[in-house]
Amino acid sequence: MSTPTTRLIPASSRTLLLTFDAFGTLFHPRLPIPEQYAAAAHQFGLSRTTVTPDKLETAFRDTYRAQMRQYPNYGRVDVLRGQYGGPRQWWEEVIKGSFRRVLSTENGETRPETPEEHVPDAMVEALLDRFAGAEGYALYDDVLPFFRRMRKLKSEHKWSFDRIVVGVISNSDDRVPAVLKSLGLTVGDMRADQDKSSMDLPGFEERSIKQDTASEHNKDHTDRNFELDIDMVITSYEAGQEKPHRLIFDVARRQALKVSRPWLTSRTKFISVHVGDDYKKDFKAAGDAGWESYFLIRHRLGTDDPEANKTLPDLLKLADKLERFP
């Protein structure tokens, strides 16, 4: 692989911070989640007639909503108090609760609660692993072609920005980096680190701090910016608030400045752009935070669709806009 040529950054330069939503924007479930849950259950010997995708759809929705009310943002507030185990415990409870609802209901009537052994621990672990990578998720067809174009833009320097920092801002737990990596994208190590180091929060992602530090010393940050598809991943669990709250966008911008430090000057102009498929949580929230924003149409338009020049039918149209960005 050819090494990008070194480029001198002028004192008065322009850096683009470009962030994306994750679920529903970059990747989607390979099959509907209830189907994947049911298939896993059948592999572990649960009844095919009792455990069906239709039943699981209702049970999962109700369990998920109840869990969000009891432990918002994966129980982060209680995690910081040392009173909760974080995303792993959160999702274990959602999975077990969903199946217990199905197993305790027969012919529309609720039976006495099913003993816990009817929800195998090995099945719970298998589902946690499935939705941490390519077994459970797939990229949208335009994602890899988009990032190929971005690599070309970054290496050829034939556009109006001297540098670009690419990030993900997601209302999710810390499995997002693993999912993106498993789907073929190269992902940097910058995380939210809000109030507490992201690596110290109980979660799924594990990295060696020593290895990360050695890597930072052995490789120039400027070179890494050319090699990475995504420089940073900011999840709501690690940032402390979910979109549409402004804080998560402010955290993303702060962390992007850290990524940019090797080439940043006092006269660098920083332009922030966010892209997502949710009108309220992505398009409007980013705009309210002072960012440029685009609404990516991944599903049928609703009543709150923005003006035409702010909508994108796919990410390749975004690449066209970036090439012509003023």
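Is Tyr37 buried or exposed? Tyr37 is buried, at 3% relative accessibility (buried means under 20% relative accessible area, exposed over 50%, partly exposed in between, with a 1.4 Å probe and protein chains only).

Keep in mind that this model is predicted, so local features need pLDDT of at least 70, side-chain atom pairs count only at pLDDT 80 or more, and totals for chains, interfaces and linings use all residues. Residues are numbered from 1 along each chain as its sequence is written, and side-chain values use heavy atoms, leaving out hydrogens and water.

Now for the rings. Rings of Phe, Tyr and Trp (its six-membered ring) pair if their centres lie within 6.5 Å; planes under 30 degrees apart are stacked, over 60 edge-to-face, and the rest tilted. That rule gives 21 aromatic pairs. Here are two of them:

| Pair | Centre to centre | Angle between planes | Type |
|---|---|---|---|
| Phe27 and Tyr137 | 5.0 Å | 55° | tilted |
| Tyr37 and Phe60 | 5.5 Å | 80° | edge-to-face |

Phe27 sits in strand S2 (residues 27-29) and Tyr137 in strand S5 (residues 137-139), so their pair ties together parts 110 residues apart in sequence. Helices (H or I, at least four residues) and strands (E, at least two) are DSSP runs, numbered from the N terminus. Phe27 is buried at 3%, and Tyr137 is buried too, at 11%.

Tyr37 belongs to helix H1 (residues 33-43) and Phe60 to helix H2 (residues 53-70), so this pair links parts 23 residues apart in sequence. Phe60 is buried, at 16%. One aromatic cluster includes Phe27, Tyr137, Tyr37 and Phe60, with Trp90 and Trp91 also among its members.
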